[in-house]
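Keep the viewer open as you read.

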Amino acid sequence: MPRIVARIIRTITGTNKQEHNEQNSEQTSCLLNFDLTVIICFFRTRIMRTCIGMMTTGGIGRGFWRGFILLGALLQAACIVSSPRLVSADAAWHPSPNFGMRRANYVILHHTSNDTLAYALNILTHPLSGVSSHYLIGRDGRVLQLVDENERAWHAGASMWSGQTDMNSASIGIELDNTGNEPFPPPQIDALIALLSDIRRRHAIPRANVLGHADIAPARKNDPGVLFPWRQLAQAGFGLWCDPPYPPPPEGFDALLGLAALGYDTRVPAAVIAAFKRRFAPDDEAGAEWTTEHHALLYCLLRASSTPESP
Ligand SMILES: [Zn+2]
């Protein structure tokens with residue numbers, strides 16, 4: 001019994017990692033955990049009643065520990081039930097204990113295109129809408145979390161960045177309550193920067209990987225829009241930015257290839273150029289020109305994206 005207890009506690013607390021894995025006696029822990037969970041799931045109602053009974057009768061000592069063990073096992077069951085195992089029928093299952101949760105490597109910023117936080121929240125949480133995000137930030141700086149960061153929110157849609165096509169799986173989505181035609185209030189941006197700092201502590205997302213929806217879907221989307229303060233965000237350490245004067249690009253610099261190297265999907269060049277200018281040269285958006293100055297800006301951003309970040 002003590003070994004089972006230890007295994008459950010290690011799994012729940014996330015310490016079921018390297019130090020544990022070097023012990024030969026625990027090599028089959030994943031399978032044992034899963035088998036145990038199936039049993040616990042089957043009897044979960046009875047287990048819950050037992051736990052509640054122990055708590056209400058004030059029993060401690062052996063009763064307390066039994067309740068603690070069963071409650072921990074129940075949490076483990078809930079975890080596994082909510083994350084069904086995906087296996088290949090063509091492969092033999094040889095479980096390794098050397099794994100952890102997948103981590104996001106991008107943050108995608110959106111505007112809601114809505115007038116009120118309540119309206120946006122209703123859409124993002126409605127079971128029939130088919131859309132969601134991990135976070136929603138109100139104009140007053142209120143931050144709501146709608147989806148666990150470990151889960152895949154539905155915010156990116158058909159999109160691509162650096163050849164990666166499933167951006168929902170790779171990113172954390174943040175919706176900013178904004179119509180797309182209004183400035184972003186300072187409390188909202190302050191809250192966003194604080195949230196990004198918080199996310200970076202957990203996920204170590206590179207600064208260049210803080211993107212807008214329009215970056216990853218330039219032919220479909222324009223959010224967070226031309227009024228979004230990307231420069232201010234970059235000054236806080238999130239997203240790329242370059243101020244003039246820009247270094248001259250090398251002779252023969254291919255700007256479209258440069259856009260692809262930055263990460264853009266360049267299959268619709270006009271849409272990519274518009275998205276690039278909207279984000280990095282918002283004052284120029286009205287003009288259709290794609291000038292040598294823009295090439296130099298792009299080259300500057302490429303250099304910035306390849307500069308190693310201090311740990
Ligand atoms: Zn969006």
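How many bridges join S1 to strand S4 (residues 171-176), and do they run parallel or antiparallel? Six bridges join S1 to S4, and the two strands run parallel. Before going further, note that this is a predicted model, where local features need pLDDT of at least 70 and side-chain atom pairs count only at pLDDT 80 or more, while totals for chains, interfaces and linings use all residues. Residues are numbered from 1 along each chain as its sequence is written.

**The overall picture**

The chain holds 13 helices and five strands. Here helices (H or I, at least four residues) and strands (E, at least two) are DSSP runs, numbered from the N terminus. Of the 311 residues in the chain, 30% are buried. A residue is called buried if 20 or more other C-beta atoms lie within 10 Å of its own, exposed if 12 or fewer, and partly exposed in between, with C-beta atoms placed from the backbone. Take the contacts between residues at least 6 apart in sequence: 67% of them join residues at least 24 apart. A contact means that the two C-beta atoms, placed from the backbone, lie within 7 Å.

**The sheet**

The five strands form an open sheet in the order S3-S2-S4-S1-S5, with mixed pairing. Its edge strands are S3 (143-145) and S5, each pairing on one side only. On average, neighbouring strands of this sheet are turned by 25° against each other, direction ignored. Two strands pair if DSSP finds at least two bridges between them. The pairings look like this:

| Strand pair | Bridges | Sense | Residues opposite each other |
|---|---|---|---|
| S1 and S4 | six | parallel | His111 and Leu176 |
| S1 and S5 | three | parallel | Val107 and Val210 |
| S2 and S4 | three | parallel | Tyr135 and Ile174 |

Next, the two strands of the six-bridge pair. In a regular strand the side chains alternate between the two faces of the sheet. In S1 (residues 106-111), Tyr106, Ile108 and His110 point one way and Val107, Leu109 and His111 the other way. S1 is mostly covered, with six of its six residues buried. S4 is largely enclosed by the rest of the structure, because six of its six residues are buried too. From S4, Ser171, Gly173 and Glu175 point one way, while Ile172, Ile174 and Leu176 point the other.

**Out at the edge**

Val143 sits in strand S3. With 15 C-beta neighbours inside 10 Å, Val143 counts as partly exposed. Leaving out residues up to four places away in sequence, Val143 touches Tyr135, Ile137, Ala191 and Leu195. Val143 and Ala191 are 48 residues apart in sequence, yet 7.2 Å apart in space, C-alpha to C-alpha.

**Helices across the sheet**

Helix H8 (residues 186-203) lies across S1, S2, S3, S4 and S5, running at about 170° to S4. Helix H6 (residues 117-125) lies across S2, S3 and S4, and runs at about 170° to S2. For these angles, axes are lines fitted to C-alpha atoms, for helices over the stretch in contact, and angles run from 0 to 180 degrees between N-to-C directions.

Tyr119 belongs to helix H6. Is Tyr119 buried or exposed? With 12 C-beta neighbours inside 10 Å, Tyr119 counts as exposed. Tyr119 and Asp177 lie 58 residues apart in sequence and 9.5 Å apart in space, C-alpha to C-alpha.

**A helix pair**

Two packed helices are described by the angle between their axes and the distance between the axes. The axes of helix H11 (residues 255-262) and helix H13 (residues 292-305) come within 10 Å and cross at roughly 30°. H11 and H13 are therefore roughly parallel to each other, a label used for angles under 35 degrees, with over 145 as roughly antiparallel, 65 to 115 as roughly perpendicular and the rest as oblique.

H11 passes H13 in a left-handed crossing, meaning that the near helix is turned anticlockwise from the far one by less than a right angle (right-handed if clockwise). On the H11 side, Ala255, Gly258, Leu259, Ala261 and Leu262 meet His295, Leu298, Tyr299, Leu301, Leu302 and Ser305 in H13. The residues of this contact divide into eight nonpolar, three polar and no charged.

Note on methods
Nonpolar A, V, L, I, M, F, W, Y, C, P; charged D, E, K, R; others polar.
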